[in-house]
Protein chains: 4
Amino acid sequence: MKQLNEECGVFGIYNHNDASNITYFGLHSLQHRGQEGAGIVSSDGNKLRGHRDLGLLAEVFSNKEKLNNLIGNSAIGHVRYATSGSNSIQNIQPFLFHFYDMSVGICHNGNLINAKTLRKNLEQDGAIFHSTSDTEVLIHLIRRSKETTFKEKIKDGLRQLRGGFTYLLLDKENLYGAVDPNSLRPLVMGRTKIGAYVLASETCAIDVVGAEFVRNIKAGELVIINKDGYTIEKYTENTLVAIEAMEFVYFARPDSDIAGINVHTARKNTGKILAKECPTPNADIVIGVPNSSLSAASGYAEASGLPYEMGLIKNQYVARTFIQPTQELREQGVRMKLSAVKGVVSGKSVVMVDDSIVRGTTSGRIVQLLKEAGAREVHVRIASPRLIFPSFYGIDISTTEELIAAHKTIDEIREYINADSLGFLSEEGLIEGIGVKFDAPYNGLCMDCFTGDYVAGLYDYEEDYKNNLTEIQKQYLEENQKRFKKER
Amino acid sequence: MKQLNEECGVFGIYNHNDASNITYFGLHSLQHRGQEGAGIVSSDGNKLRGHRDLGLLAEVFSNKEKLNNLIGNSAIGHVRYATSGSNSIQNIQPFLFHFYDMSVGICHNGNLINAKTLRKNLEQDGAIFHSTSDTEVLIHLIRRSKETTFKEKIKDGLRQLRGGFTYLLLDKENLYGAVDPNSLRPLVMGRTKIGAYVLASETCAIDVVGAEFVRNIKAGELVIINKDGYTIEKYTENTLVAIEAMEFVYFARPDSDIAGINVHTARKNTGKILAKECPTPNADIVIGVPNSSLSAASGYAEASGLPYEMGLIKNQYVARTFIQPTQELREQGVRMKLSAVKGVVSGKSVVMVDDSIVRGTTSGRIVQLLKEAGAREVHVRIASPRLIFPSFYGIDISTTEELIAAHKTIDEIREYINADSLGFLSEEGLIEGIGVKFDAPYNGLCMDCFTGDYVAGLYDYEEDYKNNLTEIQKQYLEENQKRFKKER
Amino acid sequence: MKQLNEECGVFGIYNHNDASNITYFGLHSLQHRGQEGAGIVSSDGNKLRGHRDLGLLAEVFSNKEKLNNLIGNSAIGHVRYATSGSNSIQNIQPFLFHFYDMSVGICHNGNLINAKTLRKNLEQDGAIFHSTSDTEVLIHLIRRSKETTFKEKIKDGLRQLRGGFTYLLLDKENLYGAVDPNSLRPLVMGRTKIGAYVLASETCAIDVVGAEFVRNIKAGELVIINKDGYTIEKYTENTLVAIEAMEFVYFARPDSDIAGINVHTARKNTGKILAKECPTPNADIVIGVPNSSLSAASGYAEASGLPYEMGLIKNQYVARTFIQPTQELREQGVRMKLSAVKGVVSGKSVVMVDDSIVRGTTSGRIVQLLKEAGAREVHVRIASPRLIFPSFYGIDISTTEELIAAHKTIDEIREYINADSLGFLSEEGLIEGIGVKFDAPYNGLCMDCFTGDYVAGLYDYEEDYKNNLTEIQKQYLEENQKRFKKER
Amino acid sequence: MKQLNEECGVFGIYNHNDASNITYFGLHSLQHRGQEGAGIVSSDGNKLRGHRDLGLLAEVFSNKEKLNNLIGNSAIGHVRYATSGSNSIQNIQPFLFHFYDMSVGICHNGNLINAKTLRKNLEQDGAIFHSTSDTEVLIHLIRRSKETTFKEKIKDGLRQLRGGFTYLLLDKENLYGAVDPNSLRPLVMGRTKIGAYVLASETCAIDVVGAEFVRNIKAGELVIINKDGYTIEKYTENTLVAIEAMEFVYFARPDSDIAGINVHTARKNTGKILAKECPTPNADIVIGVPNSSLSAASGYAEASGLPYEMGLIKNQYVARTFIQPTQELREQGVRMKLSAVKGVVSGKSVVMVDDSIVRGTTSGRIVQLLKEAGAREVHVRIASPRLIFPSFYGIDISTTEELIAAHKTIDEIREYINADSLGFLSEEGLIEGIGVKFDAPYNGLCMDCFTGDYVAGLYDYEEDYKNNLTEIQKQYLEENQKRFKKER
């Protein structure tokens, strides 16, 4: 329902005799990060094997043979969100390359902002790409590097990349994990009781496979895991912590910890702060939009003293709605995903807490659902600031066009979604609620889509971005120059 | 995860020019009542058409042609839970019969307790069955009835059935709906703004298609809908209200109303009463087992004054776990469905509210998950009485064997699931919490699986049931003879 | 390409420890008799199991588990040609019925001409049909029979049937095979070295499983095979041999024997007689339309002394041709199935031998292919008489409308297919060429579609047939009254 | 059944408004050249689109949308035989590359004998391969060429290749076709009435789409087709005609012409010569092994004066035979593909003509089939010389191991297949029978697998080949040094 899409989750394991099964389990807990393709590559110390396909993980491996064929003690896996138009099998990861001198599996999460430039340069020099995936860019850089060892070639390649990314690589004997110089995209390391090492996009994947958290892979780091244990090296010194705030707001699972902070707790805190910043003294109940906003809603309820109720039900089953010729049918399509609980909201003044507003269409439909179910008033409270700017570091909101807050004022949005009142959490409230405390701008958060402050630069996107700034975006940038001065 | 399975949901519509699409929408909201098969039969006033198959509704109609072929202004549909061993395509409903003199679609929810006897009698008289479904029994009784009109034949057939059931029938010009003499299984009627009539297992299906609630179809009633509107006739006077309590406890969607009572509200009330009956004065937080126990848990939290937290996360995606040779892998299988939120439960004394305990294995694993995540204590509170007796009226717990409470005392169960304490809601608490007030035993609830009180008799199941009573069951029946005297 | 379709092939085996695998092999050799559905039912002496589905045999059993699940020492199987409109899974055979007192598998080949009457009578008496298949009619008659043993019930049922048919039935301990009173449809029995008995529609299926031919099952016979060996009983004395001539002309495999006569040899003979009846003194070469006419063509060549050449190639692969909007594309569709060999036919006067002409469209296209490839003249010679009348006993030409010879004279047909000359084998030539010598009309052949002489009557089809006779049909019936006087 | 596999068929069309449909038709007629994968790439003058998948053509395009999406006036297509172990989707052609400066579709038929060396050199220089296909080698050479135009880059790339090959390439505005310097693999050009140009592996594909033959693409030629018509350029002067003799013997369709000679006619001629070289004076009938040997058999019959009969029937349907635990079941597996016609062969002395013998197992089984069917004697006559040597230019017999004639003498082979006598056509007889008359060794045929004379060299295969020569191979090479002196 939300028009926000994360671009992928990664998982790797070293030294486990059920490596591909464990990778399947780990990827399953990361399925929320990508539902349109999945794959696993394993190594038995001698040979690498892989399988990948379009679809959910359980569909890709519906035939258990396909999983059991991936023998070996180490593996990497990937779940993918496919940006529109490129959802072909070629782009499904991990990629598996068999060279005359070695084999490599590789997958990644994130988005390179200089990919277009790098690809063109490589193609002009004879390189041939088989996909539109950024993953392929790195392998070309590695294979063309003048460095002498594979590890140094990787580092050489990584240094040429710009944007937000994590990469996992697997060769016969080593598992590698790399994080961009701003740690925009997350990567964590765990360890099982029997001594297998695990790398994953989120800690929930470490928990699900029964491993213990060891440490976050930090900005500009490359971790190498092999029979000698793990070593961590910096491939660049030019780093600055800027963890994607939207991971806390929307993407990550509530049971994951990012930078040591539990996501559910962070969300609940933002709900509490929101209750103070945007109170609703005369409301009767607080409800959350399932599932991502329930934590913030319970925080809002607790801080405001209002009862926390289940006013909206999410249908657990996926429905396909076909051609919907009439307006009547279209509205029923909405009701198939979310239902208002009449017995709860009827006659009430309702505070509806949501995590964010992208286009506003979904929010508008939920408000309508609640009113049709008898809600007397609907006060919408958003547990994050307005999404005014696009993001280029791995979240699928790369165009301004779809962001209602880039085009309308708060009051215009309120009118558009037909709410009785509308309030957003402040930028400062979000930073406080999340609670990270790095010695870096915004306490170490990337606030790009809220503030237009692009810590890793814009490169290939710059011209288009600057040419298409809306009035509201320009105004925000100007007004907040002073406000966030110290941050820049 | 729960070992409880409802047997089916039904939906019908009359006088809507998108009848099969609307039926698809309605069935989607009833998908929780059956996920193993689905089908729709439509009538265009002249010809009946049908499609049915194994799988989720969205899978059965993944090809939109299959839905669009079902033209006409009226339709009935079905989602099915297939009891083990009979999950063949033959049993998927609705059935569609083309006779020389008419065509009929038919589907049902529930279980007949005299089906075996009826089938044998019919076969001895030359009848041939193609399925093991109770639905086929009724059509044979109808076709062999000596009554002269189709409506009277239906009533003649219904009078020979015993058990809990709702039936929908569709011929060229009429939609019929029938409810068993105890209204054990639910059926409601709604009406859209443009005058189409809707029949459904739950009110959430009425809401989802944008219709208004008209009335419940009551014990022993047959509703006939056609171009003259609707009429309701009793096919038997021998009725007694006994609404299945487990619909409130577990099966129905929280946004549905049963007998005018909202399910979420009923569950929240049972949670409140549970907090009084089984308090946990020294606990830190209250959590619910998602999704069915969240309402009761929030009620428990509200009544006890303890914070309501999100301590368990349910993975929204279905995973298939293949061969699990080692204990380690088996335990990871559990973690794929449910995860404990370390940041929430670590170091805490946790009240874990669940709706019911069937075998105890799942409860035990959840307790273990919480303790592994650092919970200091886990106090399990169940928002319903012990499930001591099997049910034969349409819920898939027809054997005593799988019910832990038929074999172990409360303290033995507590030990089995490794909880620090365990408490169940009382029978009286459940009745009060639900809040129905019919002039009938148990205020009009069927409490069969809690009290062994079988309002519709046992028939074909009687001998086997009586021969296999456990000591705990016998003891319960004896002890409660006085307690529930007025109820019997 | 031919618009003639046989309705099904059957195979059964008793006393073989790979019964379902052998049945799969046997059915594979009968695949030419039906390609739209297949199934097998097996018995292990205690329980019957079945699987059936739409598609070719190899598709239906593409998952080997499905075949291996059909355990037991006896089995029956079926390949089906589905008449248009009834190609649903319900009609795929064998049917498997589980009654309270026994289980039965049943399948059949042929067509009942009193099915409509029987079904209506049964429905009026309360019977419920789940398919439109004639197979279901017999099982209802059996189950309602007043006879006391299952064998006598079968015979009682068979006596009520009219038309052309073979039936196989399987219960726990017996395999039954029945043939109609005119042996219109074929059934043969074989025996393997290890003593397993085999029943099949054609002897090629006996050969393919390595069995020896034992005997034909004859008109009005019921064979019962069980642990005591086989016994054959007549269920009716009212029999008259009338073997379907079209089995020799088109349907059966060339390596099969029917009534002791090899089909290839019979076809080659008809080609030789055709060469005498319709000579082509000035032609250069003889070619056959693959595959069914190659035998007759080689006979024609041998008798005429002209060289036998490969002038047409059949593409072995099935192509699906989609929307073909232009005439150009439509013609290319034809070329996908059959190609003319330029190097062979160019500049030549060609005798093109075909087995029969149904609509004439295919013949016309082949003539065009040959001329485009450079054939100077194309002389079409048909190795059977004109198909003037529909057939109702199990061949899919039940309407006069599609038969060009019912509407056009020979010269008009020649013009329609653009041949330089056209000749048909005479009725007498066909009978002589096939060479059966029974003491019965037409030497024991059913010549219905050539002569309009319906040995088993018309029953439900009579009125429609008589009302729609064309002038050519009427004229033929009149003129040949004398000619075939002794036959009638 | 034959253990000989051609490696692929190609088809291309330029300037036709149904380009992808016509390509589908053309590929269908080439399906015999490869059944394990298929694909099409089209160009609309601006954008290239492609679809490819594992399976038969009709399976790959079973969804007509997939074909209709391939819009445009030009297209190339491919059917593939996948050598064992590399049957992954990555190797299915045509490949479609989108570069920053252009897009290219490319596919090929044949085998490069210096591919390993070329790939290693390219990889060492940073190239990354995604498949094991030789097709990818050429595109890397092209993209790295220092030439300035795309056409000259293609020619530069082609000059580096060794072996037998045809390539088709498609860019926005041009269709290219290339043939190896020995014309080992065939490529022909046709033209439709409306002026569309067609390239194909065989003339049958030209016929099937209704085009006229224009010319063969000859050794070392590159044809370029675009809006200005076609031009043909030689990319190398170092050419020598050596058309693969096995195309005439086995691979090509009988209705195709190769180098102006009809394949059926060539085969019939070899049969005639075989009758003279290896007569069977006392035999009764001549039969061919369907389908590839029927032409030669009819030639043998004609020349010997013996009757030509249909003694073996090929089942048109594909069967999957599963686990075959017993010898009995294994033999039945053979009978599923081929049946002997008892009525024809029983009691006869049979001449069984086959095109070639690879391993001998199939021949042995056919002899056994015939004897079981009652043949008194079976005289095997092979319409080509012994296959003593492997082939490396695009036919799947690259190992000596599987060639029975490399290990056994003629008499040992006869014994192995249990024939009463065995005769092979001589090398001279084959050359005469085919009838090509080029001024080149062996009249312009490649006789590599008969004589060990490798016209295009061995390169990467040389060492392994020389180390594994069998005694029979060595002896043959020595003895025939004089015999074929002039040829070398």
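A crossing of two helices counts as right-handed if the near helix is turned clockwise from the far one by less than a right angle. I worked with that convention on a predicted model.

Entry 1, α9 and α10 of chain A. I looked up the axes of helix α9 (residues 263-277) of chain A and helix α10 (residues 294-304) of chain A; they come within 7 Å and cross at roughly 45 degrees. I therefore recorded α9(A) as oblique to α10(A). The crossing of α9(A) and α10(A) is right-handed. I then listed the residues that meet: on α9(A) they include H264(A), R267(A), K268(A) and L274(A), and on α10(A) they include S295(A), Y300(A), E302(A) and S304(A). By class, I noted six nonpolar, eight polar and five charged residues in the contact of α9(A) with α10(A).

Entry 2, α9 and α15 of chain D. I found that the axes of helix α9 (residues 263-277) of chain D and helix α15 (residues 427-434) of chain D come within 8 Å and cross at roughly 140 degrees. I noted the crossing of α9(D) and α15(D) as right-handed. Among the residues that meet are A266(D), I273(D) and E277(D) in α9(D), with L430(D), E432(D) and I434(D) in α15(D). I divided the residues of this contact into five nonpolar, four polar and two charged.

I looked up the contact between the chains, which takes 48 residues from chain B and 48 residues from chain A. On the side of chain B that touches chain A, the helices that each supply at least two residues include α1 (19-29), α9 (263-277) and α10 (294-304) of chain B. I recorded that side of chain B as 21 nonpolar, 16 polar and 11 charged residues.

Technical notes: Residues numbered from 1 in each chain as written. Chains lettered and ligands numbered in written order. Predicted model: local features only at pLDDT ≥ 70, side-chain atom pairs only at ≥ 80, totals over all residues. Axes fitted to C-alpha atoms, helices over the stretch in contact; angles between N-to-C directions. Helix = DSSP H or I, 4+ residues; strand = E, 2+ residues; numbered from the N terminus. Parallel < 35°, antiparallel > 145°, perpendicular 65-115°, else oblique. Contact = placed C-beta atoms within 7 Å. Nonpolar A, V, L, I, M, F, W, Y, C, P; charged D, E, K, R; others polar.
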